[in-house]
Amino acid sequence: MQLGLIGLGKMGGNMRERIRRAGHTVIGYDRNPDVSDVKSLTELVEKLEGPRVVWVMVPAGAPTQSVIDELKSLLSPGDVVVDGGNSRWTDDEKHAEELGAKGIGFVDAGVSGGVWGLENGYALMVGGDKEHVDRLRPIFDALKPEGPYGYVHAGKVGAGHFSKMVHNGIEYAMMQAYAEGWELLEKVDSVTDVREVFRSWQEGTVIRSWLLDLAVNALDEDEHLDKLRGYAEDSGEGRWTVEAAIDNAVPLPAITASLFARFASRQDDSPQMKMIAALRNQFGGHAVESAE
Ligand SMILES: NC(=O)C1=CN([C@@H]2O[C@H](COP(=O)(O)OP(=O)(O)OC[C@H]3O[C@@H](n4cnc5c(N)ncnc54)[C@H](O)[C@@H]3O)[C@@H](O)[C@H]2O)C=CC1
Ligand SMILES: O=C(CO)[C@H](O)[C@H](O)COP(=O)(O)O
């Protein structure tokens with residue numbers, strides 16, 4: 001099968017390779033000419049035989065919107081666009097409507113696997129009409145991990161990205177739990193080799209997981225993580241998970257706390273803790289520390 005793939009960064013570059021290894025033809029376009037197979041989106045669309053299938057793998061938000069806007073004017077009725085980036089699920093219905101008005105199908109695909117996906121496969125959570133999803137099956141089969149799991153047609157348009165969003169919310173909370181446990185172990189004198197405690201947990205325990213394996217990898221590279229600053233960015237999925245929880249009145253204390261922990265990591269000093277210190281001082285005469 002032939003696929004057009006837009007966005008050849010950390011994800012798209014390896015996905016192109018994995019799909020090619022499965023025997024399919026991939027024509028990739030990236031605005032970075034060093035990695036691109038063609039010079040423009042127009043050239044990519046011209047080179048694909050109809051009906052075309054085009055996979056978008058660029059950052060969510062404005063970059064994805066601009067690519068979809070361009071595709072809308074370049075593609076033909078019967079073609080299908082897949083958004084595999086971490087787009088907000090509420091964007092999907094809009095994209096499906098905009099493309100659908102021109103007879104172009106739309107599928108949203110949440111993709112998990114990160115930079116390890118080339119070898120391990122990419123888990124896929126897909127949303128869209130069956131007729132469009134079925135067209136993509138050979139590509140999904142090429143990307144997914146071997147074995148019975150790692151692929152789901154989760155429901156209608158938006159369901160793939162909604163499922164991926166929840167996956168990432170869980171990812172936030174799991175990482176936070178490992179991070180908190182690690183900090184506590186590092187704090188006490190009685191535990192002399194925290195890295196080996198983590199390593200021992202990789203087999204037989206209730207908390208073994210791929211994230212734990214990756215934590216051990218990180219500790220092998222830098223035993224006490226001395227080379228890193230305690231700072232973590234977020235790219236949207238955690239926030240949207242919390243927003244969806246509020247919209248549906250579903251309590252998500254662990255995921256919400258893990259998102260807020262990242263916000264706290266970006267502060268050199270905590271304005272709210274200044275207020276706490278000031279109030280304790282006001283009502284109880286408790287000692288405060290000077291900013292100087
Ligand atoms: N890195 C990860 O672990 C994962 C990332 N994702 C999602 O996959 C998407 C891609 O992520 P990465 O590959 O990590 O990002 P990246 O920043 O490594 O790659 C993005 C690529 O898109 C290209 N690009 C941006 N705007 C473009 C445009 N208008 N036309 C053509 N090319 C354009 C860039 O030049 C770059 O090569 C994002 O939506 C991300 O959230 C999803 C799952 C895991
Ligand atoms: O989807 C992913 C992993 O599953 C991406 O790595 C994503 O960027 C992680 O989310 P955040 O950047 O908010 O930590």
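Helix 1 meets helix 6 through Met15, Arg18 and Ile19 on one side and Ile139, Ala142 and Leu143 on the other. The model is predicted. By class, this contact has five nonpolar residues, one charged and no polar.

**Helix 1 and helix 6**
- Helix 6 covers residues 130-143. Its axis lies 8 Å from that of helix 1.
- The packing angle is about 105°. Angles of 65 to 115 degrees count as roughly perpendicular, so helix 1 and helix 6 are roughly perpendicular to each other.
- Helix 1 spans residues 12-21 and includes Arg20.
- Is Arg20 buried, exposed or partly exposed? Arg20 has 14 other C-beta atoms within 10 Å. A buried residue needs 20 or more, and an exposed one has 12 or fewer, so Arg20 is partly exposed.
- Arg20 and Val58 are separated by 38 residues in sequence. Their C-alpha atoms are 19 Å apart in space.

**Helix 7 and helix 11**
- Helix 7 runs over residues 159-187, and helix 11 over residues 253-265.
- The two pack at an angle of about 70°, with axes 8 Å apart. Helix 7 and helix 11 are therefore roughly perpendicular to each other.
- Helix 7 contributes Gly169, Tyr172, Ala173 and Gln176 to the contact. Helix 11 contributes Ala254, Ile255, Ala257, Ser258, Leu259 and Ala261.
- The residues of this contact divide into seven nonpolar, three polar and no charged.

**Ligand 1**
- The shell around ligand 1 holds 23 residues. Gly7, Gly9, Met11, Gly85 and Asn86 come nearest.
- The shell around ligand 1 has eleven nonpolar, nine polar and three charged residues.

**Ligand 2**
- Asn86, Ser112, Gly114, Asn168, Glu171, Asp234, Ser235, Glu237 and Gly238 surround ligand 2.
- Helix 7 and helix 10 (237-247) are the elements that give two or more residues to this shell.
- The shell around ligand 2 has six polar and three charged residues, and no nonpolar ones.

**Domain record**
- An unreviewed UniProt entry lists residues 160-287 as "domain: 6-phosphogluconate dehydrogenase C-terminal".
- In the model, residues 160-287 are 66% helix and 0% strand. The end C-alpha atoms of this span lie 52 Å apart.

Note on methods: Residues are numbered from 1 along each chain as its sequence is written. Chains are lettered from A and ligands numbered from 1 in the order in which they are written. This is a predicted model: local features need pLDDT of at least 70, side-chain atom pairs count only at pLDDT 80 or more; totals for chains, interfaces and linings use all residues. A residue is near a molecule or strand if its C-beta atom, placed from the backbone, lies within 6 Å of it. Ala, Val, Leu, Ile, Met, Phe, Trp, Tyr, Cys and Pro count as nonpolar, Asp, Glu, Lys and Arg as charged, and the others, Gly among them, as polar. Axes are lines fitted to C-alpha atoms, for helices over the stretch in contact, and angles run from 0 to 180 degrees between N-to-C directions. Helices (H or I, at least four residues) and strands (E, at least two) are DSSP runs, numbered from the N terminus. Angles under 35 degrees count as roughly parallel, over 145 as roughly antiparallel, 65 to 115 as roughly perpendicular and the rest as oblique. Two residues are in contact if their C-beta atoms, placed from the backbone, lie within 7 Å. UniProt positions are given in the numbering used here, feature names are shortened, and annotations may be inferred rather than shown by experiment.
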